[in-house]
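Subject: Handover of a structure

Dear colleague,

Please find below the structure that I am handing over to you.

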Amino acid sequence: MGPVVHLEGKRVLVVGLARTGVATALFCAARGARVTATEERTAAQLGVALESLRKAGCVLELGGHRAETFLQQDLIVPSPGVPANHPELASARAAGIPIWSEVELASRFLRGRLVAITGSNGKTTTTSLVAHILAGAGKSVILAGNIGSPLIAHVDQSTDAGIAVVEMSSFQLELIDSLRPDVGILLNLSPDHLDRHGSFEAYARAKMRLFENQTAADAAVLNADDAAVAGRAPARPQVYWFSRHEPIASGAFLRDGQILFRRDARETALLSCGDISLRGEHNLENVLAAASAAFLAGAAPQDIAAGVRSFPGVEHRLEFVAEIAGVSYFNDSKATNVDATHKALEAFSGGLLVILGGKDKAGDFTVLREPLRQRASLALLIGAAAEKIQTQLGDAVPIERAETLDRAVALASRRAQPGDTVLLSPACASFDQFENFEHRGRVFKNLVHALQTEARAAAPARKV
């Protein structure tokens, strides 16, 4: 729990009324705050969520923001989708009004220990795996954050003996104040959200804020194989590294097919690499990080091994959907940046038809030229970034401008041969054509299942 904050009677402005904003407004109202919620969308666009806010006594300002409202508050909590440099927020900051992210506010009330995970890629898989291991080890676990359910919605469930395992984005971390995880994990750093942060350095600084309030009593788990991470070790917490490539003086590494954890010159075998069913070398890194965090949080090696063996994976992350006429279909809609797609491509040996595109986040798609040249027979481009992707890929791989996901799936199904794989791994955000990456992934899976139904219907009846 962070420094105590009393909300009763305080004027609190919640900016943005998506899932996080609604949960934050209701949380503050339940604690006696005088809540105003402001949103650019209209009442007609927001729908049913407004009724619960009205019943809670929240004042609603819809259809745009009023500058004067921002200057009349004791605390402002923007939703993650609201840029930290929003003009009204900048004015409030200049007036000395505290501006906190939802995870910062939640941390002031949260009971028990906090394990927080960030990074450019692998956050959802690692967060889910840590929670899965700890729950299997008999711990009382809350799974929350950028993974789907806001942490603030789970505060009332937290206990002194419990552990909150929370995925945190750069958007959330850039507006913390005192948030202090007992165990903080930084998986990797690669260019992402540059359209929001402006530069890689600014993006990396936001990620590194995860560790700024930690003390020597806390643990930081970092990727020794990632050059951008290795050069940014925090000074105050106990630092534990993880590596696929070399032994580590303090942290997790591989030897003779086992994952070992070294602490205070003592080595503990946590699990065998044979326990890992997740596809791709990047998922080996995720397991190294998750096993380290779970061990530091008190899980025994046998529980870590059992948890990794039984982990089903994460929806929309290299998720197998179906095999149709010898062609495999994988949903990697969570790959919303170039590095995530690069890692996904490396998880396959070849025979790929890859669906790319969406809303560009200032990504450099030239990075994908070589893995596509080596592994793919066709790239199908969709969405607003299609022109840029085609230009940057050049002649690395044959290209088809499909424009929409349904057309891309149809084209891929016609071009693919038995033994091939159709992979949705867009390297872009989804907001040009979809509500979010989950929506995009669900649409892809529905399209594939429709193909599967058609194939079954067209198959000749078997003789009895």
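Predicted model: local features only at pLDDT ≥ 70, side-chain atom pairs only at ≥ 80, totals over all residues.

Helix packing

I begin with helix 7, which spans residues 123–136, and helix 12, which spans residues 281–296. Their axes come within 9 Å and cross at roughly 40 degrees. Because an angle between 35 and 65 degrees is neither roughly parallel nor roughly perpendicular, helix 7 is oblique to helix 12. The crossing of these two helices is right-handed. On the side of helix 7, the contact involves Thr125, Thr126, Leu129, Val130, Ile133 and Leu134. Helix 12 meets them with Asn283, Asn286, Val287, Ala289, Ala290, Ala293 and Ala294. Sorted by class, this contact of helix 7 with helix 12 holds nine nonpolar and four polar residues, and no charged ones.

Helix 7 also packs against helix 13, at an angle of about 125 degrees and with the axes 8 Å apart. Helix 7 and helix 13 are therefore oblique to each other, and helix 7 passes helix 13 in a right-handed crossing. From helix 7, the residues in this contact are Leu129, His132, Ile133 and Gly136. From helix 13, they are Asp303, Ile304, Gly307, Val308 and Ser310. By class, the contact of helix 7 with helix 13 has four nonpolar, four polar and one charged residues.

Salt bridges

Side chains of opposite charge can pair when their charged atoms come close. In this model the count comes to 25 salt bridges, and I describe some of them here.

Arginine 41 forms a salt bridge with glutamate 39, with 3.2 Å between the closest N and O atoms. Arginine 41 is partly exposed, at 33% relative accessibility, whereas glutamate 39 is buried, at 8%.

Arginine 244 forms a salt bridge with glutamate 285, and here the closest N and O atoms are 3.2 Å apart. This pair links distant parts of the chain, 41 residues apart. Arginine 244 is in the loop between strand 10 (238–242) and strand 11 (251–255), while glutamate 285 belongs to helix 12. Arginine 244 counts as partly exposed, with 23% relative accessibility. Glutamate 285 has a relative accessible area of 9% and is buried, because the cut-off for that class is under 20%.

Which residue pairs with arginine 255 in a salt bridge? The partner is glutamate 267, and the closest N and O atoms are 2.5 Å apart. Arginine 255 lies in strand 11 and glutamate 267 in strand 13 (residues 266–272), so the pair ties together parts that are 12 residues apart in sequence. Arginine 255 is partly exposed at 38% relative accessibility, and glutamate 267 is partly exposed with a relative accessible area of 33%.

Backbone angles

Most residues other than glycine have a negative phi. Two residues are worth a look against that background.

Leucine 318 has a positive phi, near 45 degrees, although the residue is not glycine. Leucine 318 sits in the loop between helix 13 (301–310) and strand 14 (319–324). Is leucine 318 buried or exposed? With a relative accessible area of 11%, leucine 318 is buried.

Alanine 362 likewise has a positive phi in a residue other than glycine, near 65 degrees. Alanine 362 is found in the loop between strand 16 (352–357) and helix 15 (369–375). At 41% relative accessibility, alanine 362 counts as partly exposed.

A residue in strand 19

Lastly, threonine 421 lies in strand 19, which covers residues 421–424. Threonine 421 is buried, at 8% relative accessibility. What does threonine 421 contact, leaving aside its neighbours within four places in sequence? The residues in contact with threonine 421 are Ser328, Phe330, Phe348, Gly351, Leu352 and Leu353.

Yours sincerely

Conventions. Residues numbered from 1 in each chain as written. Heavy atoms only, no water. Helix = DSSP H or I, 4+ residues; strand = E, 2+ residues; numbered from the N terminus. Buried < 20%, exposed > 50% of the residue type's maximum accessible area, 1.4 Å probe, protein only. Axes fitted to C-alpha atoms, helices over the stretch in contact; angles between N-to-C directions. Parallel < 35°, antiparallel > 145°, perpendicular 65-115°, else oblique. Left-handed = near helix turned anticlockwise from the far one by under 90°. Contact = heavy atoms within 4.5 Å. Nonpolar A, V, L, I, M, F, W, Y, C, P; charged D, E, K, R; others polar. Salt bridge = Lys/Arg side-chain N within 4 Å of Asp/Glu carboxyl O.
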